[in-house]
Amino acid sequence: MKSKPCAYPYLVWMVIFIAAPLLMVLYFAFTDKAGNFTLANLSGLGQYSAVFVRSILLAAIATVICLVLAYPLSYMLSRLHASKQRIMLMLIMLPMWMNFLLRTYAWMTLLEKNGLINRFFGLFGLGPFQMINTQGAVVLGMVYNYLPYMILPLYTIMVKIDNSVIEAAQDLGAGLIGTVTKVLIPLSMPGITTGITMVFVPSISTFIISRMLGGGSNLLIGDLIELQFLGNSYNYNLGSAMSLVLMVIVLLCMSLTNQLDSEEKEGML
Amino acid sequence: MDDTVIVALKDIVVDFDDESILSGLSLDIHDKEFVTLLGPSGCGKTTTLRVIGGFQSPKSGSVFFDGKDITALPPYKRHVNTVFQKYALFPHLNVYENVAFSLRLKKVPEAQIKSSVLEMLELVGLKGFERRNTTTLSGGQQQRVAIARALVGHPRVLLLDEPLGALDLKLRKEMQAELKRIQQSLNITFIYVTHDQEEALTMSDTVVVMKGGYIQQIGTPVDIYNEPQNAFVADFIGESNILSGVMDKDFMVEFGGQTFTCVDKGFTRQQLVDVVVRPEDIKIVPTIQGQLSGVVKSVLFKGVHYEMIVEQAGYEWKIHSTQAQQPGEIVGMNIGPDEIHIMHKMED
Amino acid sequence: MKKMSVFSKIYLAVFFSFMYIPIAVMIVFSFNESKSRSVFTGFTLDWYKSLFRNEMILSALGISLVLAFGSAIVATVIGTLASIGINSMRKTTRGIIMNISYMPVINPEIITGVSLMLLFVVAKTAMGGKIFGMSTLLIAHITFNLPYVIFNVTPKLKQMDVKMYEAALDLGCNPRQAFFKVVLPEIMPAVVSSFLICLTYSIDDFIISYFASGTVQTLPIAIYSMTRKKVSPEINALSTIMFVVILSVILLINAKDSQSQKKKKTRA
């Protein structure tokens, strides 16, 4: 088939709108406003280290919570009758189809000082608690928004695990913990790693969740970047340097989880 | 069959990524013949078919159809049609539309399409299947649709690329007879690719045995079976005992520590040769009457005959016989002069 | 484990209440008479009325739809063509192209957003004039939609028997006819689903649009600006409408799916 030319429009598009913009990030990160080479943007990031650490930490916590919540849920789902699985999956996907701004806004109203949750506690004479504008609220927002991203890959891999494999493990003397750690987790490793990246990447780069649920005091990397490009700070060069670092963090995270995956595979061989 | 050459290949060379698949292959195929290209996988048989069909352009060499050079002609301009290995039916079209496909392209009037399609479906035994979805058909039925689809345009040559490979044994036998019947009733040329020697021998007028991009032998099934030109052909077609031997002189060959009379001549004295003996051509006789004697190692019942392995002077003979011997027994073996096939040593 | 244990049941119940309570609260308060987000004072449809009179939301919805259909059509066409070309390439070239195509998928959206913004800013200084707006939005949406088309269509092409194309040629199609009569019908399901994926991603996207839009407001951007205001119960009304629309679409698709499955079963 002499059809290679069919791909040319896309290749042109790819070069101009995917490759070139990323190279521009690289260029801006290493230049100053006048266009001269400088490392100042990158070295200047030191003063924001607290924000970077907070971003990584909050995203990591959200990812772990998602994993812990999603793992048993996905397993339960995968053992259900096929028709029930369909309905459950649909129910899990449904909120995802709503715009995440609306979902986050819903939590904003719930967590408010005189929001529904505090009012509920008030019935028992408790509170009001400061819930909105805390780091906890930010993590909650991440978990709520990205939990399905953890469930779906886990579920996809778990439906492929045959019941007889689990029964065999039990037959050979593995208890609940043994079955989970020695059989279930190794077999579902690809799903775990996919889930981790799918939750961690949007969590660490978000700026909406932190802005809506974290108030002004819990800035994340995403907020910093947004400020440089559209906010008051207005410094493309610094913003590019931040973006570059964010990309590196994401790539590191992905290669780490990949390693986890391949180690597990080697162990299985 | 007649003597007109319908397809001729001249010095065809095909390379894939610097690996030579066909290295200067030449072949004449006569009109109205059932020709089988036979060989192990990787021998170039399918590539040869693809060159004829126009799916593979040769690096050099030419393809002639009815005397005209068609090397540069794309597939859709050639008067040959193909039955593909896994049928390649169009899943979005039903049986009728699959068969009608090429006629619709030619803008044949609807009435004529209908009669042609129905005629073809009848020929392949699928009358009444017109509206069926191809994906709901069995392998054998899909095969028949593929044949009808390829034949509806009345090609002068039909190419078949291991069409029966995916079918089970019983169905395969049925389809072999069916294909032969179709070829004879339409009186056109079939070029058939297979690695199954039995299939080749049953159906063909001419068998082309290939190996490593070269033709090893061309002949009728009987010729190929009885007079293999080299040890590869002998081994590939049917089962054979192949031993090293020495020609003492014309009509005299020595192997297995004994001298035998044979019907071959024209070798130099003391020339090393391959000796091929078919398992069914060895007679078991009482030890004293035998030219050779050996110990029966194993006996397997194969339905029509017993297959025995007899060890003699370090060589394990395979023998087919209707009488079983006991393992451990010492038996004599006789081989008549006609049954000994002498071949030049293969250069490997 | 055919029957669920009590623990599983409780776990599922807690999980689904966590997922749905926020949405339920929004739906309930979309009918609330007062602006309060915690006390229900009485039933009203006023917020729906004012939503449908809200020029900003309506024009944003229009822009979002135009953008979604425009970018989905262009991305599906370019992407399908690209998949066909990529499919016939050597393995190494194909690998490189696929890896670059992956970038917008694995990269955080904010990076894709700011990188495109940089490109547009540079283009603006080079060419002058007003650049940001519908055109930059279209480019951005086509860009993030394209990989999804390619990742959907390429596997379908690979799955397709190459012999199918050859069979078409064998039966008298020229390459163009072979594409339209055999290849395209064969990959059509993947093309259609790519188109739908593009539509939804495009309508839903906020982050990338945010950096590429200039002053144009897509629906998500309009929603964002509404959430910045102190109290706006119209959002609740909007959420409710969206939820109902999505729910009915999904139910419809499911009903159709199970219907066709039943048909297949009875036929077989």
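## Which chains touch

Among the two pairs of chains that touch, the most contacts are between chains A and C, where contact means heavy atoms within 4.5 Å. Chain A and chain B, by contrast, do not touch, and their nearest C-alpha atoms lie 10 Å apart.

This is a predicted model, in which local features need pLDDT of at least 70 and side-chain atom pairs count only at pLDDT 80 or more, while totals for chains, interfaces and linings use all residues. Residues are numbered from 1 along each chain as its sequence is written, chains are lettered from A and ligands numbered from 1 in the order in which they are written, and side-chain values use heavy atoms, with hydrogens and water left out.

## The interface of chains A and C

On this interface, 75 residues of chain A are in contact with 77 residues of chain C. The size of an interface is often given as the accessible area lost when the parts come together. Between chain A and chain C the buried area is about 7,500 Å², and carbon and sulfur atoms give 79% of that area; buried area here is the accessible area (1.4 Å probe) that two parts lose on being put together, summed over both.

By class, the side of chain A that touches chain C has 58 nonpolar, 10 polar and seven charged residues (Ala, Val, Leu, Ile, Met, Phe, Trp, Tyr, Cys and Pro count as nonpolar, Asp, Glu, Lys and Arg as charged, and the others, Gly among them, as polar). The largest share of that side, 14 residues, comes from helix H1 (residues 8-29) of chain A; helices (H or I, at least four residues) and strands (E, at least two) are DSSP runs, numbered from the N terminus.

## Strands in chain B

Chain B holds an open sheet of five strands in the order E13-E12-E11-E14-E20, with antiparallel pairing, where two strands pair if DSSP finds at least two bridges between them. The edge strands, each pairing on one side only, are E13 (258-261) and E20 (341-344) of chain B. Within this sheet, strand E11 (residues 241-249) and strand E14 (residues 271-277) of chain B pair in the antiparallel sense over seven bridges, and Asn241(B) has Val277(B) in E14(B) as its bridge partner.

Strands E17 (residues 306-312) and E18 (residues 315-321) of chain B run antiparallel and are joined by seven bridges, with Ile309(B) standing opposite Lys318(B) in E18(B). In this hairpin, which has two residues between the strands, Ala313(B) takes a positive phi near 50°.
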